[in-house]
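Thanks for coming. I will go through one structure today, starting with whole chains and then moving to single residues.

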Amino acid sequence: MVSKDIIIQMIDVNKWYGSFHVLKEINLTVHKGERIVVCGPSGSGKSTLIRCINRLEEHQGGRILVDGIELTKNLKKIEKIRSEVGMVFQNFNLFPHLTILKNLTFALIWARRMPRAEAEKIAMKHLERVRIPEQANKFPGQLSGGQQQRVAIARALCMNPKIMLFDEPTSALDPEMIKEVLDVMVELAREGITMVCVTHEMSFAKTVADRVIFMDCGEIVEENEPEKFFRSPKYDRTQLFLNQILQA
Amino acid sequence: MVSQIPVTGFLFAILCCRAMNISLHKLNDGRITGLLMQLVVVAGIIYLGYLLFENTQANLEARNIASGFGFMSVEGGLPISNTLLPYTPADTYGYAFFIGVLNTLYVALFGIIATTLIGIFIGVARVSSNWLIARLAGIYVETLRNIPLLLILFFSYGVVLAGLPGPKTSLNPFFGCFINIRGLYLPKPIFQDGFGFVVLALVLGAIIAWVVSRWSVDYRDRTGISIPSGWIGSALIISLPLITYFIAGGPLEWDIAALKGFNFKGGLVFRPEFSALMIGLVLYTAAFIGENVRSGIQSVDAGQLDAAKSFGVSKGKIMRRIILPQALRVTIPATTNDYTSLVKNSSLAVAIGYPDMVSVGGTIIGQNDQAIEIIGLWMAVYLAINLIVSTIMNWANSKVQLVER
Amino acid sequence: MGPSASSSSSNLLVFVPRPSLPAPRQTVGIIGWLGASLFNGWFNSILTLIGLGLLWETVPPLLSWAIFNAVWTGGPADCPAGHNGACWAFIYDKFRILMVGMYPAEQIWRPLLAGGIFVVLGAVTVFRLLNPLRLIALWFLFLLPVYWLISGGLCLTVVDQSLWGGLMLSLGLAFVGILMSLPLGILLALGRYSNFAIIKSICVGIIEPVRGVPLITILFMASVMMPLFLPVGININNLLRVQIGIILFSAAYIAEVVRGGLQAIPLGQYDAAKSIGLNYWKTTVLIILPQALRHVIPSLIGRCIALFKDTSLVIIVGLLDFLGMVKASAQDPDWLGHDAEAYVFCSIIYWVICFSMSRYGHSLEQKKEAE
């Protein structure tokens with residue numbers, strides 16, 4: 001289940017937005033095949049943390065290594081890392097002017113230079129995996145929120161990434177659609193892909209996470225296996241957060 | 001029937017309101033009251049029209065003004081300097097007006113092309129990450145948007161162009177090009193026999209370039225390899241005519257303007273009236289188009305950029321395939337307005353003496369007082385041009401709409 | 001993580017957040033900003049250098065012409081031809097006619113008083129001292145008194161309209177144009193939006209042609225054609241004809257702006273009004289229009305600015321407004337060769353007025369978004 005290879009390593013990472021210190025001395029190690037859930041109050045820096053992993057945000061201090069490659073200003077390295085890391089966003093971020101099929105084949109054709117027929121085969125395969133192959137020729141505006149997010153997951157999976165990042169994937173969904181997206185994520189987790197997921201859905205953490213990380217004020221407060229994390233947190237801050245979350 | 005229009009109109013307005021109110025209360029049938037009210041309004045309009053017609057007839061008679069378009073075939077004697085087609089004062093009023101219409105179309109067409117290019121440049125500069133360039137573009141936009149176009153035209157014509165040196169001390173930026181107070185002179189190409197082949201080669205090059213670009217899309221679909229069809233196409237369009245030109249022995253002569261006496265003769269001439277009009281129109285409208293481009297680009301959700309970047313797609317591809325198509329959704333409708341504005345603003349030519357349709361028409365009115373006919377022609381031509389521009393832009397707009405539920 | 005002594009009430013550790021450190025020097029402050037914005041990468045650096053070069057070439061000569069070498073007071077002799085500085089004495093000399101045209105000098109207190117009223121009304125508007133309905137009523141209220149002030153009659157000497165000119169005329173044309181075209185434009189918009197085919201076609205038949213032709217043709221129509229439409233012998237002076245043309249032109253554009261606002265009203269509003277038992281006019285005036293107009297206030301301000309700039313076209317039909325007086329002054333034989341100063345002064349005044357209006361519209365838009 002958990003291999004010894006380290007796939008993400010963050011060493012003493014510091015980040016500022018202007019003069020605001022948003023990430024403080026982050027030290028994080030993720031092994032291949034691990035499923036990590038990051039939680040915490042809003043403003044704690046969780047989204048910023050995972051956005052640093054695929055360089056959507058730049059860190060100013062410390063080092064970040066993804067699959068052995070260090071993230072620096074080198075554009076070529078950044079693009080290589082990005083093609084190995086898939087990301088799913090809170091607001092889906094599907095391309096509204098392209099069909100679902102074109103959304104999925106976009107990266108394959110323009111970043112991987114694949115022939116269209118081959119790209120479409122891969123795209124349909126992943127659409128079936130998230131159980132909406134019939135929507136291939138529709139446009140994102142014609143789909144429900146849950147369907148759009150599943151398409152977004154399929155789109156990220158098309159690139160066959162080694163790591164999947166989820167930035168609050170269900171926060172923008174109506175309650176009845178959260179389950180369909182979580183089901184897909186649970187299936188994904190069971191297949192053994194490395195996942196780092198920022199979410200408030202504690203059911204997901206309890207079901208599939210190997211580790212839960214709690215962040216506040218830009219630093220990692222504590223991390224633990226799910227049962228130990230939920231039953232006996234080490235810090236008062238964690239307990240406070242859990243009380244708020246589990247009450248809802 | 002010397003009628004008092006204001007009083008009559010007022011009475012009718014009151015009648016209409018009363019009719020609506022009374023009907024609504026007493027008859028209580030929406031359709032009948034609606035029909036009744038509309039009938040009243042139509043009757044009022046017809047009556048008003050009759051009054052106007054009567055008054056107009058009376059006035060035209062009293063002032064001895066002719067009616068109808070007969071004047072179009074009368075010899076005009078109007079001196080017009082900037083003409084696209086050959087013209088002499090011995091030509092008719094009708095032909096003179098036609099020359100004016102051609103000039104309007106000429107200014108409109110090249111104005112739209114030039115202002116689009118500059119506008120795109122300004123808009124992109126406005127959203128540039130370079131603070132200095134963004135601020136400079138911002139100053140440009142905020143300055144030009146808040147002063148009248150007529151002022152810009154007067155300034156260009158009366159100060160900038162009037163400040164140019166005389167013919168004897170013309171500016172000479174490159175060979176064959178002279179700039180002085182009388183105009184901008186460029187070498188005029190004179191096409192000899194055999195130039196037809198060069199044109200043919202150009203057309204051929206364009207067709208081949210188009211075919212190559214179509215084929216390269218197909219090729220990329222099949223194999224995933226991108227061919228730089230843009231570069232190849234451009235190379236073809238430039239090289240094929242060039243090669244044909246040299247093979248045909250250079251069938252091109254140039255008429256270079258030369259100083260003869262006090263003035264330049266020959267060459268391709270752009271008079272200061274034309275230049276001032278173009279400069280003013282293009283720079284003024286570009287400020288507005290720049291704003292449209294800026295709001296278009298800024299209307300694209302930042303998440304789109306995030307998602308496309310997260311796949312490792314290069315910045316150029318992201319711009320062309322993701323940002324631009326979505327930006328055009330906002331830019332195109334707004335720009336339609338600016339294009340029609342440019343066409344309408346070309347009428348300001350009358351203020352600096354460029355003989356566009358309004359200028360020539362105004363002169364004709366000054367000579368024979370037939371304002372109704374001329375104004376009617378103006379309206380017809382402007383409405384026609386704007387209809388064409390709107391139709392083209394609406395077609396473009398429909399191409400960039402999103403499909404939603 | 002900064003663990004400290006466990007709290008006494010439970011066996012949980014107390015979380016003490018790390019202190020925030022200041023950002024590294026190269027990323028903040030002037031150096032950071034320069035590096036990030038102006039010189040990040042060779043392309044941006046070249047652009048910055050070109051931009052700086054452009055500024056270097058234009059700003060110092062402009063400043064030296066406009067300020068350092070300029071002549072501020074004096075007569076024509078103080079500004080000889082070839083003097084490489086602006087002659088603001090020319091503007092100073094012509095100031096009165098640039099502002100009020102040929103208005104008699106001894107009656108100048110009347111335009112000044114009108115100007116003062118205008119400024120006070122402007123302040124009331126900008127500082128939002130009254131609600132919109134009262135505000136518009138206030139502007140309408142002052143329309144006739146100000147007109148009487150400028151033109152005369154009763155106990156004031158009559159000043160003929162042919163003497164009116166300058167900035168006073170521009171502002172007057174724009175002000176009256178906006179005020180009168182608002183109700184007309186709203187009526188046209190309501191007509192176009194209604195379901196009655198005849199009314200709708202008439203309104204479209206007025207709006208579309210007026211919007212599709214240049215203002216100059218409308219002004220020509222008003223100036224040259226209108227006398228032909230009036231009964232023989234009845235004349236209205238040129239200024240009134242031009243004003244009517246401007247009102248008609250502006251009304252067509254306002255109609256389109258208001259139509260956009262009407263289309264943004266959800267149909268539920270009409271249902272609610274009908275269920276209370278309101279008739280068409282009550283619904284429109286009390287419920288629909290306030291919402292529609294509130295939606296489009298920024299666009300309406302934009303139309304005001306455009307109208308003010310458009311009044312400059314009246315020079316073509318023979319009225320000497322601000323731009324007209326500026327141009328005419330530049331032809332004064334005593335003061336030849338100072339076109340540049342004239343147009344620069346004109347630009348500055350127009351720019352200040354239009355820019356202030358656009359800032360006001362901006363602030364209204366932001367206030368609306370905050371709601």
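One definition before the charges: Lys and Arg count as positive and Asp and Glu as negative, while His and the chain ends are left out. With that counting, chain B has 26 positive and 20 negative side chains. The centres of those two sets in chain B lie 11 Å apart. Please keep in mind that this is a predicted model.

Staying with chain B, there are 13 helices and seven strands. The C-alpha trace of chain B spans about 80 × 70 × 45 Å along its principal axes. Its radius of gyration is 29 Å, whereas a compact globule of 405 residues would be near 22 Å. Of those 405 residues, 43% count as buried. The accessible surface of chain B is about 20900 Å², and carbon and sulfur atoms hold 68% of that. As for contacts in chain B with a separation of 6 or more, 68% are between residues 24 or more positions apart.

Now chain C. Here we have 14 helices and two strands. Is chain C compact or spread out? The globule rule gives 21 Å for 371 residues, and the radius of gyration of chain C is 29 Å, well over that, so chain C is more spread out than a compact globule. Its C-alpha atoms fill a box of roughly 100 × 75 × 45 Å along the principal axes. In chain C, 43% of the 371 residues count as buried. The accessible surface comes to about 19200 Å², with 70% belonging to carbon and sulfur atoms. On charge, chain C carries 21 positive and 17 negative side chains, and the centres of the two sets are 15 Å apart.

Next, one helix in chain B: α6, residues 195–223. Its 29 residues should span 42 Å at 1.5 Å a residue, and the end C-alpha atoms are 41 Å apart, which agrees. Which residues of α6(B) are buried? The list includes B:Phe195, B:Val198, B:Val212, B:Arg220 and B:Asp221. The cover over the buried residues of α6(B) includes parts of two chains: α3 and α4 of chain A, along with β3, α7, β4 and α10 of chain B. After α6(B) comes B:Gly224, with a positive phi near 85 degrees.

Still in chain B, look at B:Asn397, which sits in helix α13, residues 371–399. B:Asn397 has a relative accessible area of 18%; the cut-off for buried is under 20%, so B:Asn397 counts as buried. What does B:Asn397 touch, leaving aside neighbours within four places in sequence? The contacts are B:Arg329, B:Ile332 and B:Pro333.

For background, most residues other than glycine have a negative phi. A:Arg113 has a positive phi, near 55 degrees. A:Arg113 is in the loop between α3 and α4 of chain A. At 56% relative accessibility, A:Arg113 is exposed. The other is A:Glu168, with a positive phi near 50 degrees. A:Glu168 lies in the loop between β7 and α6 of chain A. Is A:Glu168 buried or exposed? Its relative accessible area is 12%, so A:Glu168 is buried.

That is the end of my list. I will take questions now.

Technical notes. Residues numbered from 1 in each chain as written. Chains lettered and ligands numbered in written order. Heavy atoms only, no water. Helix = DSSP H or I, 4+ residues; strand = E, 2+ residues; numbered from the N terminus. Rg over C-alpha atoms; globule rule 2.2 N^0.38 Å. Buried < 20%, exposed > 50% of the residue type's maximum accessible area, 1.4 Å probe, protein only. Areas by Shrake-Rupley, 256 points an atom, 1.4 Å probe, with all protein chains shown as cover. Charge placed at Lys NZ, Arg CZ, Asp CG, Glu CD. Expected span 1.5 Å × (residues − 1). Contact = heavy atoms within 4.5 Å.
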